[in-house]
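Please look over the sequence and the model shown here.

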Number of protein chains: 2
Amino acid sequence: MSGPITIALDAMGGDRAPDIVLRGADIALERHPGAKFLLFGVESKVAPLLAQLPRLAKVASLHHTDEIVAGDDKPSQALRAGRGTSMRLAIDAVADGRADCVVSAGNTGALMAIAKFVLKTLPGIDRPAIATFYPTLRGESVMLDLGANIECDAENLVQFALMGDAFARSVLGIVEPTVGLLNVGSEDLKGNDAVRGAAARLRGGLTPIHFHGFVEGDDIGAGTVDVIVTDGFTGNVALKTAEGTAKLFAEGLRAAFHHSPMARFGYLFARGAMRKFRERFDPRRYNGAMFLGLRGIAVKSHGSTDAFGFANAIGVAIDMKLNGFLEKIRADLARLNTAAPAPQPAAL
Amino acid sequence: MSGPITIALDAMGGDRAPDIVLRGADIALERHPGAKFLLFGVESKVAPLLAQLPRLAKVASLHHTDEIVAGDDKPSQALRAGRGTSMRLAIDAVADGRADCVVSAGNTGALMAIAKFVLKTLPGIDRPAIATFYPTLRGESVMLDLGANIECDAENLVQFALMGDAFARSVLGIVEPTVGLLNVGSEDLKGNDAVRGAAARLRGGLTPIHFHGFVEGDDIGAGTVDVIVTDGFTGNVALKTAEGTAKLFAEGLRAAFHHSPMARFGYLFARGAMRKFRERFDPRRYNGAMFLGLRGIAVKSHGSTDAFGFANAIGVAIDMKLNGFLEKIRADLARLNTAAPAPQPAAL
């Protein structure tokens, strides 16, 4: 670790806030002993919890606010609501350099709107995207966008590919990540204008990306590529479909083991193996959606996660900081801009 | 069963055709002893197989053709290729009333293009859609479109809802099926113009449909609604994502049971339960994608399925015929057209 890292936390975001936020920070502190925390929230609710966590209390400072972004606030509403919400204050802390990253389990749309407004997008990026890790047959991959951009054109998708590539290289440590565009088939003519246009540009070699080509839905779980790029509508549906399928499978498995006395007996022996299996696919392990394309690090935790899950979201933010994600994506974008054919001066 | 049913089979479609087609028909015959088959394919390949299946041979007639639609033929190419392919002849048999339905494991795009050209769409339907069953926490549901229509407007989605509703009532036997529109959230303002427009019309009560509202990706596995309606891009990605997740889970489970001698020992006792579990999620059980919106029954089998899977695709086609799917959807469309406010004559 290179020096201490400071994490701004929206203590009031999430179904079980501030409890999961503080307990999550305490767990994260175990893994990252150098971390410091700025907590933004209602003092009367946060302070008693903090008092119970002396290890965290030593490295955390509490900044009181009564204002909270509600789970059903519209993004525009939350943005206008003013500068005093716990979410806004936590993001402000990143913008003015007091914190290295921000984590919130609050309203996703509001968090994206405020983060975009306060932190701004990187030069060369039109729209930020939401990315996540997911487990595959080959390990872990990253997918974006997951819902920030419902409709995307080819240029948006190319920018998402750049962001996903920089993320995979910095945070996942993959030297030359493969990038795939999610589509309904692998042939060049498949899909809509946006994916075909993006593929043409990514194949054109104007970017440093190792472009695999089109991938399909089953390639997500197969881990065919390291980065899957798609629009926010499709990505959101795909991610939630995978979650629903995992739940269906888990329930079927539970029912199978309860099916007969013999199966229940067998379970006693397979218990350890089953625990490992559950751990591998534990959604809390993959908690933490990264907002990419901003001039700062912002991570969204699932609203209904627990302390363990929230700690993982904090871990993602720390990893992005320590692995220099922002520096890598800035360097890529600068290189691209330099490499682009400069406008020729008119002949004198 | 009401009288004999005749099924036209493209004996040459699929990775392991004609073997899986004939063996599949033989299995289907066991379940539907009244069925008769018209087989279209290369006599020198089909006849020897048929000779090995005396039960099937008794109720099947073989119609020779040398022409085959290739797996990588473009739909337009297959359509122009002429009237002599095994796929085209099988569809023709439905169009001219010699068969009640057609089943093929061949090229999906070609099958849809030829079926649409030969059978025509139903009055009131602009575009046919591809539908499938899938397992849920609550039993079984149906989803469409799965890839026939990459870009859809609100009117297309409303028509898909009508087709899915008629299918669920006739084939699944659900009295008042619930219909959901796949989206990225449940609030009215979520999504793109197409889903918002379709939702407004389905809420408006102009259709007989019991409209649940928007559903999300995880509602697919949860079985929140009986019918999930979406465009072909999203539906294709969602279905394949679910397949990929199931594979990932199955592989994780296999690895867990091989993890330790104790787990392997436990598996011996849980084996029967595991078999039931696998059977429940066996993709072959859900083989058979229905082409809805045509003036005839056409079912597409997965190209890489086996005889058991192909038999299930035949079973789907038979169910559609025996449960009067075409009559139900025709009646619905007629009722809608009558109910629609008639253009008012201009005042004299």
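**Ground rules.** This is a predicted model, in which local features need pLDDT of at least 70 and side-chain atom pairs count only at pLDDT 80 or more, while totals for chains, interfaces and linings use all residues. Residues are numbered from 1 along each chain as its sequence is written, and chains are lettered from A and ligands numbered from 1 in the order in which they are written.

**The sheet of chain A.** Chain A holds an open sheet of 11 strands. Their order is β3-β2-β1-β4-β11-β10-β5-β6-β9-β7-β8, and the pairing is mixed. The edges belong to β3 (60–64) and β8 (210–215) of chain A; each has a single partner strand, so one side of each is left without a neighbour in the sheet. Neighbouring strands are turned by 25° against each other on average, direction ignored. Strands and helices here are DSSP runs, numbered from the N terminus: E of at least two residues for strands, H or I of at least four for helices. Two strands pair if DSSP finds at least two bridges between them. In general, strands of a sheet pair through backbone hydrogen bonds, either parallel or antiparallel.

| Strands | Sense | Bridges |
|---|---|---|
| β7(A) and β8(A) | parallel | five bridges |
| β5(A) and β10(A) | antiparallel | three bridges |
| β5(A) and β6(A) | antiparallel | six bridges |

Single residue pairs can be picked out. L181(A) has F214(A) in β8(A) as its bridge partner. I130(A) stands opposite F291(A) in β10(A). T136(A) is bridged to G139(A) in β6(A).

Is β5(A) mostly covered or mostly open? It is mostly covered, with six of its eight residues buried. Buried means that 20 or more other C-beta atoms lie within 10 Å of a residue's own; exposed means 12 or fewer, and partly exposed is in between, with C-beta atoms placed from the backbone. A hairpin through two residues joins β5(A) to β6(A).

**Domains of chain A.** The domain assignment gives domain 1 (1–122 + 293–323) and domain 2 (126–288) of chain A. Such bounds come from an automatic or database domain assignment. The centres of the two domains, taken over C-alpha atoms, are separated by 26 Å. In their contact, domain 1 of chain A takes part with 18 residues and domain 2 of chain A with 11 residues. Contact means that the C-beta atoms of two residues, placed from the backbone, lie within 7 Å. On the domain 1 side, α6 (108–119) and α12 (307–322) of chain A each supply at least two residues. The largest share, seven residues, comes from α12(A). By class, this side has seven nonpolar, eight polar and three charged residues. Ala, Val, Leu, Ile, Met, Phe, Trp, Tyr, Cys and Pro count as nonpolar, Asp, Glu, Lys and Arg as charged, and the others, Gly among them, as polar.

**A glycine in chain B.** G106(B) sits in the loop between β4 (101–104) and α6 (108–119) of chain B. G106(B) is buried, with 29 other C-beta atoms within 10 Å. Leaving out residues up to four places away in sequence, G106(B) touches D10(B), G13(B), G14(B), V69(B), M87(B) and L111(B). S86(B) is 20 residues from G106(B) in sequence and 9.9 Å from it in space, C-alpha to C-alpha.

**Where the chains meet.** How many residues of chain B are in contact with chain A? There are 55, and they meet 55 residues of chain A. β5 (129–136), α9 (217–222), α10 (232–257) and α11 (261–280) of chain B each give at least two residues to this side. α10(B) gives the most, with 21 residues. The chain B side divides into 29 nonpolar, 16 polar and 10 charged residues.

A rotation of 180° with 0.0 Å of shift along its axis superposes chain B on chain A, at an RMSD of 0.0 Å. The two copies are thus related as by a two-fold rotation axis. The superposition is by least squares on the C-alpha atoms of residues with pLDDT of at least 70 in both copies. The same surface serves both copies: 100% of the contact residues of chain B recur in chain A. Of the residues of chain B, G266(B) comes closest to the rotation axis, at 2.0 Å (C-alpha).

Definitions and conventions: Axes fitted to C-alpha atoms, helices over the stretch in contact; angles between N-to-C directions.
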